[in-house]
Protein chains: 2
Amino acid sequence: MKTPIEFYFDFTSPYSYLASEMIEPLAARHDRVVAYRPTLLGAAFKVSGQRALVDIPIKGDYSRRDLARSARFYDIPFQLPEPFPVSTVTAARCCLVLQREHPPLAVPFIHLMFRAFFVQGWNISEAEVVRSVLAESGAHPTAVLDAAGRPENKEALKAAVDASIDRGVFGAPFFFVDAEPFWGNDRLPQMERWLASGAF
Amino acid sequence: MKTPIEFYFDFTSPYSYLASEMIEPLAARHDRVVAYRPTLLGAAFKVSGQRALVDIPIKGDYSRRDLARSARFYDIPFQLPEPFPVSTVTAARCCLVLQREHPPLAVPFIHLMFRAFFVQGWNISEAEVVRSVLAESGAHPTAVLDAAGRPENKEALKAAVDASIDRGVFGAPFFFVDAEPFWGNDRLPQMERWLASGAF
């Protein structure tokens, strides 16, 4: 039994969105499934002393151009939303609730949430937007949002974020194939070779 | 007449070294030449608030692993030298002197300098190492080192670094194809498509 490809992401990370549109066919080509691991990059940035790409002087301007070009390169619909970046705490908590309580709805929710932000340009930090995406995913929005606000579910996200940092996840998308870490959607070609041939 | 591919690099940048081993055949495939632009990343990092990759918490550990794996992926000999990173002021000044006074020796010097650091593991901040690489390149070491230390050549490097920052070069390798910027050797596939098809 092959282990899943673990995919750490933050819903506000545009390169995570691009990766989310490529990872399922990639995994299928190598007879793997994807384990989705929502996290919050802000916490990792505090530890590593980094900050959001678009806020870095000089680099920020380039990154806006690179994102749009990368989306065209991969032929994936994309626009940089405004405001950006946004808080994804509610979205991530709902994702964990679905993964635990309604697993078949979690993956559709993840893709719809990313597209709500990076295609429709909705502000996914707002509860009403999360509610709408939950409904579109086939979930019961009020039940999931209520669950997401409970202390044990807040703790679950905090624990997930802490675990991701302990594992070395300093940015997103971040993947593990067995124990091997791959950061960035531009490492997907290396990850594919790893999947095809084992360690190289 | 097609414009050259402009290649900004710092001799202490390991991803620049990897790119330096790939850029000539890439350019040739698209009937372009390479214009080599030595710069000093430290100055750009001051403007953008960044620092050397290997010094960033968490990210540094990953980057060491990623560098070694990327070199294997591209089948390029590589070791991370110790000490690392080092000052490349003398090497960069000598590079500019050669480009102005002995152009045919500049490209061999660039490749030999990168390999001295990332294959042999020599400390290229030391004048004796630069001297040895100059000799291997076919240059007259004392003449070039003397020229590199003259005020007008110190100014020339300072002006080159300032110009690179003005142009948005916040990291290396950094390329321009006509006016389009590409950062990182992982953008070479996008750069190749751009070269093959024009803007996409």
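This is a predicted model: local features need pLDDT of at least 70, side-chain atom pairs count only at pLDDT 80 or more; totals for chains, interfaces and linings use all residues.
Now for the rings elsewhere. Over all chains, the count is 52 aromatic pairs. One of these in chain A joins A:Phe9 and A:Phe11, whose planes stand at 75° with the centres 5.2 Å apart, so this pair is edge-to-face. Both A:Phe9 and A:Phe11 are buried. They also belong to one aromatic cluster, whose members include A:Phe7, A:Tyr17, A:Tyr36, A:Phe78, A:Phe109 and A:Phe175.

| Residues | Arrangement | Distance |
|---|---|---|
| A:Phe9 and A:Phe11 | edge-to-face, planes at 75° | 5.2 Å between ring centres |
| A:Arg193 and A:Phe200 | Arg over the face of the ring | 5.3 Å from the ring centre |
| B:Arg193 and B:Phe200 | Arg over the face of the ring | 5.3 Å from the ring centre |

Let's turn to where the chains meet. In this interface, 32 residues of chain A are in contact with 32 residues of chain B. About 3200 Å² of area is buried between chain A and chain B, with carbon and sulfur atoms giving 55% of it. On the chain A side, the residues that lose the most area to chain B are A:Ile58, A:Tyr62 and A:Phe73, which together make up 21% of what that side buries.

Polar and charged groups take part too. Between chain A and chain B there are eight salt bridges, as well as 20 residue pairs in polar contact, counting those with both residues at pLDDT 80 or more. A:Glu180 forms a salt bridge with B:Arg69, and their closest N and O atoms are 2.7 Å apart. As for secondary structure, the elements giving two or more residues to the side of chain A that touches chain B are α3 (41-48), α4 (59-74), β4 (180-183) and α10 (188-197) of chain A. Of these, α4(A) gives the most, with eight residues.

Key. Residues are numbered from 1 along each chain as its sequence is written. Chains are lettered from A and ligands numbered from 1 in the order in which they are written. Side-chain values use heavy atoms; hydrogens and water are left out. Rings of Phe, Tyr and Trp (its six-membered ring) pair if their centres lie within 6.5 Å; planes under 30 degrees apart count as stacked, over 60 as edge-to-face and the rest as tilted. Buried means under 20% relative accessible area, exposed over 50%, partly exposed in between (1.4 Å probe, protein chains only). A charge sits over a ring if NZ of Lys or CZ of Arg is within 6 Å of the ring centre and within 35 degrees of the ring normal. Contact means heavy atoms within 4.5 Å. Buried area is the accessible area (1.4 Å probe) that two parts lose on being put together, summed over both. A salt bridge is a side-chain nitrogen of Lys or Arg within 4 Å of a carboxyl oxygen of Asp or Glu. A polar contact is a pair of N or O atoms within 3.5 Å; within protein, one must be able to donate a hydrogen and the other to accept it, and residues adjacent in sequence count only if both atoms are side-chain atoms. Helices (H or I, at least four residues) and strands (E, at least two) are DSSP runs, numbered from the N terminus.
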